[in-house]
Amino acid sequence: MSASRRNLAARLGVWSAHHRKTAILGWLLFVVLATVVGGAAGTITAPDDEMGTGDSGRAAEILKDADIDEPAGELVMVGSRTPDGWRDAAADLSKALTATGEIRALKEPLPSKDGREALLRFEVKGKSDKATDRIQPVLDAVDEARDKGAAQGVTVHQFGDASSQKHLKDLLADDLKKAEFTAVPLALGILLVAFGAVVAALLPVGLAVTACVAAFGLLGLASHAVHIFETTYSVMFLMGMAVGVDYCLFYLRRERDERAAGRDAETALRIAAATSGRAVLVSGLTVMVAMAGLFLSGLLLFKGFATATILVVCVAMLGSVTVLPALLAWLGDRIDAGRIPFLNRRSQKGAHASGSIAGKVLRPVLAKPALFAVAASALLLALAAPAVGMKTEQLGLEKQFGSDAPLSVAYKKITEEFPGGPAPARVVVRADDIQAAPVREALRTLTAKAGDGAELTVHRARNVAEVEVPLPGSGTDGEAKRALRDLRADVDDVQETVSGTDAAGFEAYVGGDLANSEDFTDQLGRGIVPVFAFIAAVTFLVMLFSFRSVVIAVTSIVLNLLSVGAAYGVMTAVFQHGWGASLIGSEKVGAVENWIPLFVLVVLFGLSMDYHVFVVSRIREARDQGLPNRAAIREGITRTAGAVTGAAVIMVAVFAVFGMLSMQDMQQMGVGLGVAVLLDATVVRMVLLPSLMTLLGERNWSTPRYLRWLPQVSHETPVPVRAPRVPVP
């Protein structure tokens with residue numbers, strides 16, 4: 001039986017080529033239906049009570065079960081040059097805020113210690129999850145007061161739940177739009193240079209964009225089962241553009257290479273489907289299964305990321321092995337329509353420029369593999385060195401927006417004059433009878449230990465109480481974290497005391513922004529081990545079943561770890577220590593966003609399969625044709641150099657766009673992924689992989705006796721051609 005009949009990708013490619021109209025119209029119908037149905041269903045975002053974990057998550061659950069909605073609180077600080085110089089401005093602003101009809105519980109101005117500032121405290125009317133929709137009139141009133149006070153030496157700063165969330169929501173929408181309008185033209189420009197033809201360049205971009213559009217609709221449906229965060233769409237678009245263009249590029253490159261070698265259109269398409277198509281299926285399935293490991297993290301944020309990435313990779317993969325062959329068969333030689341003069345000319349030199357460069361790089365690598373293996377490993381380890389001191393935390397909004405952002409300035413000013421104001425801790429207590437004497441005594445003890453500024457609120461009808469506790473310092477710094485630990489110790493002591501009484505059902509947990517951040521980070525620490533074990537096992541098994549080689553499987557994991565380590569080191573150096581941060585318009589924030597390391601680990605293990613499966617498959621193909629190990633390595637890498645280089649440039653370009661967005665976590669994600677892919681496609685694939693495979697020799701391809709039951713995966717063997725055509729790049 002021929003390889004193409006045993007190969008699912010080949011069968012899909014041949015069927016699509018023979019039923020091109022069905023495949024193309026079916027794809028368009030699928031994209032339209034997914035978009036329409038997903039839009040009609042709407043998207044469900046995760047409410048605050050679903051985001052928590054640990055004690056802070058249980059505190060949020062108690063409030064939710066009791067139907068207690070935490071109001072969206074707002075703080076406005078009015079300052080002046082002289083003591084009490086703020087009074088008239090504060091009085092006018094209080095009237096303007098009340099006149100909006102959108103606030104309640106406006107308290108009397110709270111003066112600062114020196115009397116030069118005062119804090120206005122109020123809540124936004126309605127449910128807290130709808131506060132961002134009602135805050136605009138309040139923002140307008142504050143802006144008007146700020147403009148009026150500037151001429152009188154009066155300053156006005158606002159920070160709160162609704163104002164910060166609205167700013168975050170608007171910023172994310174602007175960033176996603178910026179990414180869309182930058183990444184797509186950038187990818188198209190790179191492909192124009194690579195192919196020198198408009199139609200050939202439009203094909204991968206069109207496939208990636210339609211895959212993203214369809215996946216957006218599917219994510220809307222999926223969000224009814226797995227609630228998502230606002231950043232999820234940005235992550236989905238980033239991944240969709242990266243893998244969508246890459247998969248199409250691998251397929252298209254192989255088809256054009258075979259046409260350049262003189263094969264007819266049908267044979268070239270069949271070979272591309274059986275080789276690059278198979279690599280796309282293996283890579284896509286590996287990415288999806290690896291991303292499924294995020295479900296083991298126990299955090300809703302990662303479950304949403306996993307769902308979004310699996311959807312967009314699945315759609316892009318299916319499009320690459322179905323509608324793409326149909327389009328190639330339909331276009332035929334028209335794939336070269338719209339050729340651009342001087343770009344990628346039809347010449348033997350131009351067609352094999354990348355291969356020639358790769359050959360020059362490989363010559364010394366294959367001649368002295370031990371030297372280059374050590375040198376490449378040393379380089380990656382040196383880049384990874386800063387990661388030893390990596391600190392992670394849930395970056396507050398003031399760090400996310402940048403120190404110069406108005407919201408960040410407001411947060412800093414308010415916390416300096418009124419510590420603990422914007423982000424107090426919150427002790428949530430539940431008991432079967434909140435009025436029982438032991439419970440009342442426990443609440444008095446907690447309030448007393450919390451110190452000045454603590455506020456007790458008892459919801460008698462729901463048997464729930466809350467103690468709001470201001471935290472010292474900025475509310476997120478080391479001083480605040482020590483205070484949080486002390487508070488939790490006090491709560492534990494009180495629980496132990498109450499447990500010895502007749503008060504039934506007593507529970508007490510500490511929540512609040514800082515508690516949420518600390519619990520999230522702790523859960524990440526617990527979740528990273530099972531997630532890593534899962535993706536390492538998946539990578540090992542996929543490579544083992546694909547190539548029947550333990551050596552290839554183990555080497556894949558080692559190379560991935562080196563790339564991930566280097567990415568961690570660069571992120572730590574740039575964002576934690578600030579080395580070169582200004583070059584990308586960022587700044588030192590003293591830590592890495594706590595979800596970034598785990599996300600980068602999983603994504604890179606998946607994305608590296610793009611290159612690894614593609615390159616090693618071509619090496620194995622050459623080996624199966626009878627070439628010795630060293631010659632097969634040279635053949636495989638030089639033949640794939642153009643596609644790998646083009647794919648890497650596009651991925652790095654897309655990630656770089658995210659590295660220059662406004663949000664700090666998007667910048668960290670873009671830089672981390674971009675650096676890792678760049679190193680993976682250059683140092684790892686061009687130097688470390690060939691040097692290691694050369695040193696390992698025939699052990700690369702040996703199958704242990706106990707694994708010989710694994711099916712032998714055949715590769716499409718090109719048919720010899722006597723009269724090559726004019727080369728097509």
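**How we know what is inside this protein**

Author: Welcome! In this predicted model, 54% of the protein's 729 residues count as buried.

Reader: Why is L238 called buried?

Author: Buried means under 20% relative accessible area. L238 has a relative accessible area of 0%, so it falls under that cut-off and counts as buried. You will find L238 in helix α11, which covers residues 232-260.

Reader: What makes L238 and V657 worth looking at together, in sequence and in space?

Author: Along the sequence L238 and V657 are 419 residues apart, yet from C-alpha to C-alpha they are 9.3 Å apart in space. Leaving aside neighbours within four places in sequence, L238 is in contact with V654, F655, F658, M669 and L673.

Reader: How do you know that helix α25 is largely enclosed by the rest of the structure?

Author: Of the 31 residues of α25, 22 are buried, so the helix is largely enclosed by the rest of the structure. Helix α25 runs through residues 629-659 and bends by about 50° at A641.

Reader: What makes a set of residues a nonpolar core?

Author: The members are buried residues of the nonpolar kinds, joined through side-chain atoms within 4.5 Å. The largest such core here has 182 residues, and F237, L294, F302, W595, F599 and M669 touch the most other members. Helix α24 (residues 596-624) gives this core its largest share, 18 residues. Apart from this core lies another, of 29 residues, among them A442, A450, A483 and V510.

Reader: Which residues does F599 touch, not counting those up to four places away in sequence?

Author: They are V235, M291, L294, F302, F305 and M669.

Reader: Why is strand β5 called mostly covered?

Author: Five of the six residues of β5 (residues 155-160) are buried; with buried set at under 20% relative accessible area, the strand is mostly covered.

Reader: How do you know that β1 and β5 pair?

Author: Two strands pair if there are at least two bridges between them. Strand β1 (residues 73-79) and β5 have six bridges, in the antiparallel sense, so they meet that condition. For E74, the bridge partner in β5 is G160.

Reader: What makes the protein as compact as a globular protein of its length?

Author: First, its make-up: the secondary structure comes to 26 helices and eleven strands. The radius of gyration is 30 Å, close to the 27 Å that the globule rule gives for 729 residues, so the protein is as compact as a globular protein of that length. Along its principal axes, the C-alpha trace spans about 90 × 60 × 50 Å.

Definitions and conventions:
Residues are numbered from 1 along each chain as its sequence is written. This is a predicted model: local features need pLDDT of at least 70, side-chain atom pairs count only at pLDDT 80 or more; totals for chains, interfaces and linings use all residues. Side-chain values use heavy atoms; hydrogens and water are left out. Buried means under 20% relative accessible area, exposed over 50%, partly exposed in between (1.4 Å probe, protein chains only). Helices (H or I, at least four residues) and strands (E, at least two) are DSSP runs, numbered from the N terminus. Contact means heavy atoms within 4.5 Å. The bend at a residue is the angle between axes fitted to the seven residues ending there and the seven starting there. The radius of gyration is taken over C-alpha atoms; the globule rule is 2.2 Å times the number of residues to the power 0.38.
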